[in-house]
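Please read the following report alongside the sequence and the three-dimensional view. It moves from individual side chains to a whole chain, and then to the contact between chains.

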Amino acid sequence: MLPTQTFGEGRLVSFEIVVFYVFAAIVVFSAFRVITVNNPVFAAMFLVLTFFTCAAIWMLLEAEFLAVTLVLVYVGAVMVLFLFVVMMLDVNVVPMKEGFVKYLPVGLLVGAVMLVEMVFLITQRYFRNESFPPPERVAADYSNTEALGRVLYSDYLFQFEIAAIILLVAIVAAIALTMRRRPETKYQRPAQQIDINKADRVRVVSMPSSAPAGAPTRVDHSGGQS
Amino acid sequence: MSGFLDTVIYTATTLLKIVLVMVPLILSVAYLTLAERRVIGSMQTRIGPNRVGPFGLFQPFADVFKLLVKEVIVPTNASRFLFLTAPVLSLAPALAAWAVIPFFDGGAIADVNAGLLYVLAMTSIGVYGVIIAGWASNSKYAFLGAMRSAAQIVAYEIAMGFALIGVLMLAGSLNLSEIVRGQSGGFFHWYLIPLFPLAVVYFISGVAETNRAPFDVAEGESEIVAGFHVDYSGMAFALFFLAEYANMIMIAALTAILFLGGWMSPIDGVGDGIWWFLGKTAFVLFLFLWLRATFPRYRYDQIMRLGWKVFIPVTIVWIAVVGFAIWFEIGPWFQQRA
């Protein structure tokens with residue numbers, strides 16, 4: 001939406017780079033805090049910040065559909081449930097710190113292996129920077145969403161359907177694992193509750209109206225208006 | 001140099017637009033509180049606030065000043081930083097979502113392609129304010145309120161999203177202005193008619209999303225006193241209040257845009273304009289107040305049942321119906337798609 005044509009080419013790029021580095025710095029910082037902060041609730045909140053800033057970086061890539069979906073799904077739903085669980089747990093901070101020195105070598109080793117792997121991967125021929133020319137700028141009315149939909153439902157339909165089936169199986173499995181018939185639990189059946197007649201519940205008894213013996217007789221002076 | 005000047009002008013006009021949306025919005029929040037008290041008062045044959053100014057018209061300002069000068073108390077064992085961040089987390093998304101709302105033809109701050117998705121994302125962030133407030137207060141009432149609200153908002157978000165899919169199928173766009181333009185041609189072309197079940201589900205889910213009565217178990221005055229904001233006072237409380245009402249107006253505005261034809265007049269081409277949008281929004285807001293005055297609070301398990309077992313199946317069935325109708329090009333509504 002910025003008036004791109006009025007910027008000099010060099011200045012526009014440099015502004016984008018500034019924005020990118022600001023967001024990237026926030027992402028790295030908050031991702032680091034996720035694993036260093038003591039309180040799990042703060043850790044979850046830092047993870048939320050990481051996701052949100054990642055979405056901002058995706059916006060810079062002009063992938064607005066994915067960016068907004070990241071916020072909608074991960075920030076709006078997944079992390080809420082995550083936070084929900086983390087808050088319910090009674091996490092004691094002190095025992096969590098205990099094994100730090102003991103596990104440090106293992107952690108460093110795993111970290112080093114991952115770093116070496118990533119360096120190998122990125123310096124490979126196929127993943128080097130030169131192999132990926134920057135994508136061409138698209139017009140402001142280009143719909144990222146529509147382009148994604150067209151590709152998903154034509155070229156990659158088969159893969160898309162497979163992913164859908166896997167997710168469906170996962171849902172069914174999760175429900176099947178958590179569903180336990182417990183006979184002692186009391187259920188309400190709303191269909192049954194509303195499927196009644198007046199005759200089932202109410203019995204109208206006609207009784208002669210008379211004052212109990214010994215009680216003072218009330219005289220109604222109001223003429224029926226109370 | 002002209003490039004720099006253009007940037008300055010662009011930034012200034014954008015800021016001006018934001019002010020033009022935010023100031024009326026906050027004023028409407030103020031007067032919505034008054035309208036709520038007066039309307040519910042009438043429905044319950046009471047008078048409502050009528051002492052401050054003519055017809056009580058200055059009552060909202062009296063309330064605001066009272067809240068402004070009250071002390072913001074932070075409980076001793078509260079997590080201070082999160083306790084004070086929570087109201088901001090609640091309010092900021094509620095206001096940010098207004099960036100893409102088209103008030104009239106071409107009258108949105110940012111007319112983006114994925115507008116509807118953006119609104120959904122922003123409103124879904126609002127739940128953090130509630131959860132964080134409940135946790136940071138370090139009180140069981142606040143925490144219970146936060147837990148209830150988190151489960152409720154996540155559950156109804158799904159029904160809400162499904163209800164919107166029908167609108168997307170008919171409009172063929174995520175752009176809110178495009179969605180309104182898709183409903184041009186008078187009352188009978190509004191999406192309310194072909195998507196009636198989805199419109200009902202959307203509106204009720206909206207009431208649940210904003211934690212309004214009869215779905216206000218997160219606050220549940222009679223059982224958990226005020227739920228997640230029980231420990232808040234003064235301006236911190238006022239921010240939650242502002243967020244709740246801004247969200248309410250948001251849902252009303254979205255209902256007007258998605259199902260009631262936005263700025264379009266009910267008679268084709270007669271006086272389209274922002275007044276129709278405002279009028280429709282006001283009507284939906286009146287429904288909010290009407291619901292609150294009419295229905296008793298739902299029990300928690302009934303809320304969950306309604307969301308998961310009633311609304312989601314209804315929306316799925318109706319999406320299939322819409323799909324078939326578009327495929328076979330039935331009726332006047334399903335033919336316009338290219």
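Glu36(B) is buried, with a relative accessible area of 4%, where buried stands for under 20% relative accessible area, exposed for over 50% and partly exposed for the range in between (1.4 Å probe, protein chains only). Glu36(B) forms a salt bridge with Arg292(B), and the closest N and O atoms of this pair are 2.6 Å apart; a salt bridge here requires a side-chain nitrogen of Lys or Arg within 4 Å of a carboxyl oxygen of Asp or Glu. The two partners come from distant parts of the chain, since Glu36(B) belongs to helix H1 (residues 2-43) of chain B and Arg292(B) to helix H11 (residues 274-294) of chain B, 256 residues apart. Helices in this report are DSSP runs (H or I, at least four residues) and strands are runs of E (at least two), numbered from the N terminus. Arg292(B), at 37% relative accessibility, counts as partly exposed.

The model is predicted, so local features need pLDDT of at least 70 and side-chain atom pairs count only at pLDDT 80 or more, whereas totals for chains, interfaces and linings use all residues. Residues are numbered from 1 along each chain as its sequence is written, chains are lettered from A and ligands numbered from 1 in the order in which they are written, and side-chain values use heavy atoms, with hydrogens and water left out.

Over all chains, the structure holds four salt bridges. Three of them are set out below.

| Pair | N to O distance |
|---|---|
| Glu36(B) and Arg292(B) | 2.6 Å |
| Arg181(B) and Asp105(B) | 3.0 Å |
| Arg181(B) and Glu178(B) | 3.0 Å |

Arg181(B) meets Asp105(B) in a salt bridge of 3.0 Å. Because Arg181(B) lies in helix H7 (residues 176-181) of chain B and Asp105(B) in the loop between helix H3 (80-96) and helix H4 (115-125) of chain B, this pair ties together parts that are 76 residues apart in sequence. Arg181(B) is partly exposed, with a relative accessible area of 32%, and Asp105(B) is likewise partly exposed, with a value of 47%.

The side chain of Arg181(B) also meets that of Glu178(B) in a salt bridge, and in this case both residues lie in helix H7 of chain B, three residues apart, which is about one turn of the helix. Glu178(B) counts as partly exposed at 38% relative accessibility. Through shared partners, the salt bridges join Asp105(B), Glu178(B) and Arg181(B) into one network.

Thr45(B) is not a glycine, yet has a positive phi of about 45°; Thr45(B) is placed in the loop between H1 and helix H2 (59-69) of chain B, and at 74% relative accessibility counts as exposed. Asn138(B), also a residue other than glycine, has a positive phi near 60° and lies in the loop between helix H5 (127-136) and helix H6 (140-171) of chain B.

Turning to the chain as a whole, the secondary structure of chain B comes to 12 helices and zero strands. For its 338 residues, a compact globule would have a radius of gyration near 20 Å, and the 21 Å of chain B agrees with this; the radius is taken over C-alpha atoms, and the globule rule is 2.2 Å times the number of residues to the power 0.38. The C-alpha atoms of chain B fill a box of roughly 65 × 60 × 45 Å along the principal axes, and buried residues make up 51% of the 338 residues. Of the contacts (heavy atoms within 4.5 Å) in chain B between residues at least 6 apart in sequence, 76% join residues at least 24 apart.

What does the contact between the chains take from chain A and chain B? The contact takes 33 residues from chain A and 33 residues from chain B. Chain A and chain B bury about 2,700 Å² between them, 77% of it on carbon and sulfur atoms, where buried area is the accessible area (1.4 Å probe) that two parts lose on being put together, summed over both. The count of salt bridges between chain A and chain B is zero.
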